[in-house]
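Me: Please take me through this model and set each description against the definition on which it rests.

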Amino acid sequence: MISYSDCLVVTELPISQHLPWSGQHQQLLNAVVRAVGLGGDAQLTNGVREFIWPLDPQARFDQSAPIARHALQVELTAVRQDRHRVLLLMGAQAAEYLLPLEQVITSGQWVESQELPTLCCHGLHEVLRLPGLKAELWRQLQPLRSLADGR
């Protein structure tokens with residue numbers, strides 16, 4: 001979870017590869033947020049906040065999808081600030097765990113989540129791994145430009 005002055009971004013990273021948040025991720029995200037007219041000067045307001053699930057793969061307590069969904073909702077509520085105007089969910093799993101179960105996930109389309117206008121799109125790691133997705137990501141992000149223009 002990355003908090004900018006006017007938007008909150010949730011993106012996924014593959015835990016199986018133990019990839020940390022990198023400078024490449026941050027540069028791409030800053031460029032994305034700046035390109036759609038959000039993020040102010042693209043400075044983080046609270047840094048990067050990780051949500052790792054499962055907590056402990058060897059643990060004997062319930063770490064099922066419903067529990068993960070609830071834990072992520074609680075974490076997001078703790079990070080969310082009143083000045084956030086939009087929630088950007090980057091990656092299918094980010095959308096899967098933060099949108100209601102019955103919500104159809106369509107990249108580049110607005111939905112309502114956490115009482116915020118929410119846009120789902122490709123994840124940062126996915127775009128870094130497959131640079132050919134940058135053009136598609138840009139198309140998915142176009143609705144954010146109209147939000148930024150309507151300040």
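Reply: Setting aside neighbours within four places in sequence, L141 is in contact (heavy atoms within 4.5 Å) with V32, V36, L88, L119 and C121. This is a predicted model, in which local features need pLDDT of at least 70 and side-chain atom pairs count only at pLDDT 80 or more, while totals for chains, interfaces and linings use all residues. Residues are numbered from 1 along each chain as its sequence is written, and side-chain values use heavy atoms, with hydrogens and water left out.

Me: Which residues touch the most other members of the largest nonpolar core?

Reply: A nonpolar core is a set of buried Ala, Val, Leu, Ile, Met, Phe, Trp, Tyr and Cys residues joined through side-chain atoms within 4.5 Å. The largest has 23 residues, and V9, L29, L88, M90, L141 and L144 touch the most other members. Another core, of 15 residues, lies apart from it and includes L8 and L87.

Me: Why is C7 called buried?

Reply: Buried means under 20% relative accessible area, exposed over 50% and partly exposed in between (1.4 Å probe, protein chains only). C7 has a relative accessible area of 3%, and is therefore buried.

Me: What makes β1 and β4 edge strands?

Reply: Strands (E, at least two residues) and helices (H or I, at least four) are DSSP runs, numbered from the N terminus, and two strands pair if DSSP finds at least two bridges between them. The open sheet of 5 strands has the order β1-β2-β3-β5-β4, with mixed pairing. β1 (2-3) and β4 (110-113) each have a single partner strand, so one side of each is left without a neighbour in the sheet. β1 is joined to β2 (residues 7-11) by 2 bridges, and the two run antiparallel.

Me: Which residues of α2 are buried, and why are they said to be on the same side?

Reply: In α2, the buried residues are A68, R69, A71, L72, E75, L76 and V79. The arc (of the directions from the helix axis to the C-beta atoms) that they cover is only 170 degrees, which puts them on the same side of α2. They pack against β1, β2, β3 and α3 (92-98). P66, H70, T77 and A78, on the other side of α2, are exposed.
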